[in-house]
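Trainee: I have just opened this one and would like to go through it slowly with you.
Mentor: Gladly; please look at the sequence and the model first, and then ask away.

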Amino acid sequence: MQSDQSHELATGMSEEDSKEKMKNQKADRKKKKLKEKLLKEASKADNRGVCYLSRIPPHMDHVRLRQILCQFGELGRIYLAPEDPEAQVHRKKAGGFRGQLFSEGWVEFAKKRVAKRVADMLNGEQIGGKKKSSIYYDIWNIKYLTKFKWDDLTEEIAYKSAIREQKLNMVLSAAKREKDFYLSKVEKSRAMTEIDARMEKKRKIQEESGSNAEAGPVFPQRVIRQFRQKKSIKNETSQSKPGLSTDVLASVFGGS
């Protein structure tokens with residue numbers, strides 16, 4: 001009887017061990033697949049090339065840019081930096097193009113050699129296309145960025161946005177301090193005005209009653225600072241300027 005129980009316990013333990021072992025093997029296979037996938041993505045990222053466009057023609061967006069550049073090779077991500085909002089407002093007020101313009105852009109190619117070839121081939125050349133197109137006569141300003149990855153661009157954008165947010169917080173905090181200081185001074189001035197009004201009212205009541213026996217506490221008179229002003233200097237140049245004598249004027253304008 002005891003041998004049968006021990007045998008059942010041993011078989012139960014072996015089944016649990018086998019299940020645990022199978023779970024571990026599955027987890028190891030998943031980790032291995034994930035690692036291979038990450039290595040494959042890293043190798044692809046190392047093979048990608050990024051080109052920089054220093055000028056984006058008007059009426060061009062990322063969709064149109066992709067349509068033009070996709071004929072030279074496989075494209076990845078495209079980022080176009082919007083223009084300065086102040087410049088956009090100024091252009092719209094002046095009656096210019098009212099759409100969205102972009103100041104610069106980055107294009108990612110799937111292969112470095114394709115990115116280099118496209119940059120060397122297109123830089124300084126006319127965009128072309130249909131003659132009715134608004135960008136037909138524009139010139140490509142494109143350059144291949146050596147050892148530049150898309151992660152570098154995202155880090156730069158995040159850094160610039162963090163700096164902009166920090167500056168905005170500083171401006172808002174300074175404005176809040178100025179507002180609090182102004183409100184505190186306004187409240188203080190209101191309190192002083194009310195004190196002066198109460199004192200003046202009390203003084204008038206005492207003068208009318210003519211009894212100064214039970215005079216209340218005497219508050220110090222409000223001090224109004226007066227600063228000595230410098231006297232303005234008179235312009236005496238016109239007085240000191242020598243003039244023509246009457247004899248000379250008479251000889252010029254008078255008769256013979």
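Trainee: Let's start with a cysteine: is C51 buried or exposed?
Mentor: C51 is buried, with a relative accessible area of 0%, where buried means under 20%, exposed over 50% and partly exposed in between, using a 1.4 Å probe and protein chains only. Keep in mind that this is a predicted model, in which local features need pLDDT of at least 70 and side-chain atom pairs count only at pLDDT 80 or more, while totals for chains, interfaces and linings use all residues. Residues are numbered from 1 along each chain as its sequence is written, and side-chain values use heavy atoms, with hydrogens and water left out.

Trainee: And what about C70?
Mentor: C70 is partly exposed, at a relative accessible area of 45%.

Trainee: How many disulfides are there, then?
Mentor: The count is zero, taking a disulfide as a pair of cysteine sulfur atoms within 2.5 Å.

Trainee: Changing topic, which residues of helix 2 are buried?
Mentor: In helix 2, which spans residues 62-69, these are L65, I68 and L69; helices here are DSSP runs of H or I with at least four residues, strands are runs of E with at least two, and both are numbered from the N terminus. The three sit on the same side of helix 2, because they cover an arc of only 85° around the axis, judged by the directions from that axis to the C-beta atoms.

Trainee: What covers them?
Mentor: The cover includes strand 1 (49-53), strand 2 (75-82), strand 3 (102-109) and helix 4 (112-122).

Trainee: Which residues touch the most other members of the largest nonpolar core?
Mentor: Among its 23 residues they are L65, L69, V107, F109 and W140, a core being a set of buried Ala, Val, Leu, Ile, Met, Phe, Trp, Tyr and Cys residues joined through side-chain atoms within 4.5 Å. Helix 4 gives the largest share, five residues.

Trainee: What is W140 in contact with?
Mentor: Leaving aside neighbours within four places in sequence, its contacts, meaning heavy atoms within 4.5 Å, include L53, L65, I68, L69 and L122.

Trainee: Last one: how do the strands pair around strand 3?
Mentor: Strand 1 runs antiparallel to strand 3 and is joined to it by five bridges, while strand 2 pairs with strand 3 in the antiparallel sense over six bridges; pairing requires that DSSP finds at least two bridges. L53 stands opposite G105 in strand 3, and L80 also stands opposite G105. Strand 3 is mostly covered, with six of its eight residues buried.
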